[in-house]
Amino acid sequence: MSRVVVTGRVPETALEKLRAEHDVDAWSGPESIGREELLRRVAGADAVLSLLTERIDAELLDAAGPQLKVVANVAVGYDNIDVPACTARGIVATNTPGVLTEATADIAFGLILSATRRLGEGERLIRSGQAWKWGMFFLLGSSLQGKTLGIVGMGGIGQATARRAKAFGMEIVYQSRSEIDPRVAAELGARRLELDELLATSDIVSLHCPYGPATHHLIGAGQFAAMKDSAYLINTARGPIVDEAALVAALRDGQIAGAGLDVFEKEPSVHPGLLELDNVVLVPHLGSATVETRTAMAMLAADNALAVLSGERPPAPIA
């Protein structure tokens, strides 16, 4: 039997699948595993199932030892994994694309509705016990019909978000490294633009690009200055894609109308300036947080690990 280390709590069905063939050491504490404990546990592991909260770097790979064959990330994003360090050691790194597409697109569109219709403000007012009365100009928001949604990163989640937007009567533009399938573009009526033009023309900008050196602070002071003062920013990708300090300034000074964030630059910390503003909706990284999606993610990660341990190609290797 090979030894599989699971760095955090995952659905039991995935653990059962792994235990049917291998010895599994799964962290079950209520909090994330500490670094020292993680380094101790991975020693001698043949496979590691990692959560996005754990940093998989050269130090950890060396602590595991030369027998380590696979790091299976229970996430589609893999900025927590040093992929070149894995490759240099002959370790296969995998992720879980596809299975969280719809759930994350749901959250993105939920944030769009919450931000543009000021739902967070309305709920806070009710819960505070303040007196209120319906009026023609009370908590006016912005409609979506006929507005332009600019999608930065037109992969699976970006396309799923675009489909939801089209159902609401929105126009779709996107920025991506390459053209999407012409049939998908025709279905969505989507036009590809450069980032500067997208920012200048969009009423809502939704981020769905991967995080890496090229996208660190992709959206900062200059980009907010280029956006309409009536525009909204939505981020369900990774926090550091946005310069949070610049976002606070843009929201405070009226450079943009509002924002909806599911991810943060220094998770789980949130910039204190964001907490003081009413025109931003804040949720704690819930993009894939459905029972069905988290189960599917864990099962795909288990399948990836089992395939590599059996000498087979995993379903979702990181290219």
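Visitor: Is Glu-59 buried, partly exposed or exposed?
Guide: In this predicted model, Glu-59 has a relative accessibility of 43% and therefore counts as partly exposed.

Visitor: With which residue does Glu-59 form a salt bridge?
Guide: The partner of Glu-59 is Arg-35, and the closest N and O atoms are 2.9 Å apart.

Visitor: How far apart are the closest N and O atoms of Arg-3 and Asp-25?
Guide: They are 3.0 Å apart, and the two residues form a salt bridge. The pair links distant parts of the chain, with Arg-3 in strand E1 (residues 3–6) and Asp-25 in strand E2 (residues 23–26), 22 residues apart. Arg-3 is partly exposed, its relative accessible area being 21%.

Visitor: How many salt bridges are there in the whole structure?
Guide: A search of the whole structure finds 22.

Visitor: What about the charges: how far apart are their mean positions?
Guide: The protein chain has 29 positive and 39 negative charges, and their mean positions are 3 Å apart.

Visitor: Let us change topic. Where is Ser-206, and is it buried or exposed?
Guide: Ser-206 is in strand E9 (residues 204–207). Ser-206 has a relative accessible area of 0%, so it is buried.

Visitor: What is Ser-206 in contact with, leaving aside neighbours within four places in sequence?
Guide: With those neighbours left aside, Ser-206 is in contact with Ala-108, Leu-149, Gly-150, Ile-151, Val-152, Thr-161 and Ile-234.

Visitor: And where is Lys-69?
Guide: Lys-69 sits in the loop between H3 and strand E4 (70–73). Its relative accessibility is 35%, so Lys-69 counts as partly exposed. Apart from neighbours within four places in sequence, Lys-69 is in contact with Asp-46, Gly-90, Ile-91, Val-92, Val-308 and Leu-309. The C-alpha atoms of Lys-69 and Ala-45 are separated by 8.5 Å, the two residues being 24 residues apart along the chain.

Visitor: Now the overall picture. How many helices and strands does the protein chain have?
Guide: The protein chain has 13 helices and 12 strands. Its radius of gyration is 21 Å, close to the 20 Å that the globule rule gives for 319 residues, so the chain is as compact as a globular protein of that length. Along its principal axes, the C-alpha trace spans about 70 × 50 × 35 Å.

Visitor: What share of the residues is buried?
Guide: Buried residues make up 51% of the 319. The protein chain exposes about 15100 Å², of which carbon and sulfur atoms supply 54%.

Visitor: And what share of the contacts comes from residues 24 or more positions apart?
Guide: Such residues account for 59% of the contacts with a separation of 6 or more.

Note on methods
Residues numbered from 1 in each chain as written. Predicted model: local features only at pLDDT ≥ 70, side-chain atom pairs only at ≥ 80, totals over all residues. Heavy atoms only, no water. Helix = DSSP H or I, 4+ residues; strand = E, 2+ residues; numbered from the N terminus. Rg over C-alpha atoms; globule rule 2.2 N^0.38 Å. Buried < 20%, exposed > 50% of the residue type's maximum accessible area, 1.4 Å probe, protein only. Contact = heavy atoms within 4.5 Å. Areas by Shrake-Rupley, 256 points an atom, 1.4 Å probe, with all protein chains shown as cover. Lys, Arg positive; Asp, Glu negative; His and termini not counted. Charge placed at Lys NZ, Arg CZ, Asp CG, Glu CD. Salt bridge = Lys/Arg side-chain N within 4 Å of Asp/Glu carboxyl O.
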